[in-house]
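Dear colleague,

I am passing on the structure below, together with some notes on what turned up in it.

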Amino acid sequence: MMRMVTAALLAALVGLLLPEAAAQAQTAASGTGVAQAVPADTSAQRRRAIRRVPVYPREEWRPDVYPRYNPGPSAVRDCSVSYVQEFRPSGTVITPRMNCYWRRG
């Protein structure tokens with residue numbers, strides 16, 4: 001009987017001390033985590049400034065096609081169309097070909 005009472009008292013004592021030990025371990029672990037999260041030297045972590053390239057708008061609009069010239073207000077597009085043979089690895093095929101130029105109207 002004496003052994004049972006001693007075991008019960010010992011279990012109660014361990015039960016009371018266990019939550020306090022867990023709380024102390026938790027605060028100690030979080031305290032070290034905070035100490036590790038704070039950097040010692042912040043000067044090495046400066047951000048580089050982003051270089052900005054200035055963009056200037058064009059004074060007048062010009063198309064981005066070749067040739068860059070104005071054929072004039074009365075210009076007419078003259079086209080010639082023909083079929084040509086193209087020799088491909090899969091075999092010879094006939095494809096349309098168009099050649100155009102501007103002329104005065």
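A disulfide is here a pair of cysteine sulfur atoms within 2.5 Å. The structure holds one such disulfide, and it joins C79 to C100 with an S to S distance of 2.1 Å. The torsion about the S-S bond of C79 and C100 is about 110°, so the disulfide is right-handed. Because C79 lies in strand β1 (residues 75-88) and C100 in strand β2 (residues 91-104), the pair ties together parts that are 21 residues apart in sequence.

Before going further, please note that this is a predicted model, in which local features need pLDDT of at least 70 and side-chain atom pairs count only at pLDDT 80 or more, whereas totals for chains, interfaces and linings use all residues. Residues are numbered from 1 along each chain as its sequence is written, and side-chain values use heavy atoms, with hydrogens and water left out.

As for the overall layout, the protein has one helix and two strands, and from the N terminus on these elements run α-β-β. Helices (H or I, at least four residues) and strands (E, at least two) are DSSP runs, numbered from the N terminus.

On exposure, buried means under 20% relative accessible area, exposed means over 50%, and partly exposed lies in between (1.4 Å probe, protein chains only). Of the 105 residues of the protein, 1% count as buried. The protein exposes about 10800 Å², of which carbon and sulfur atoms supply 59%; such areas come from the Shrake-Rupley method with a 1.4 Å probe, and for residues only the protein chains shown count as cover.

With a contact meaning heavy atoms within 4.5 Å, among contacts between residues at least 6 apart in sequence, 31% join residues at least 24 apart.

Next come the charged pairs. Side chains of opposite charge can pair when their charged atoms come close. A salt bridge is a side-chain nitrogen of Lys or Arg within 4 Å of a carboxyl oxygen of Asp or Glu, and the structure holds three of them. In one of these, the side chains of D78 and R103 meet at 3.8 Å, N to O; since D78 lies in strand β1 and R103 in strand β2, this pair ties together parts that are 25 residues apart in sequence. D78 is partly exposed at 25% relative accessible area, and R103 is likewise partly exposed, at 40%.

E86 takes part in a salt bridge with R88, where the closest N and O atoms are 2.8 Å apart, and also in one with R97, where the closest N and O atoms are 2.9 Å apart. Because E86 lies in strand β1 and R97 in strand β2, the latter pair ties together parts that are 11 residues apart in sequence. Through shared partners, the salt bridges join E86, R88 and R97 into one network.

Finally, there is a nonpolar surface patch of about 500 Å², made by M1, M4, V5 and L9. Patches are made of residues with over 30% relative accessible area and no salt bridge, like charges being joined within 9 Å and nonpolar side chains (Val, Leu, Ile, Met, Phe, Trp, Tyr) within 5 Å. M1 lies in the segment before α1 (2-37) and counts as exposed, at 76% relative accessibility.
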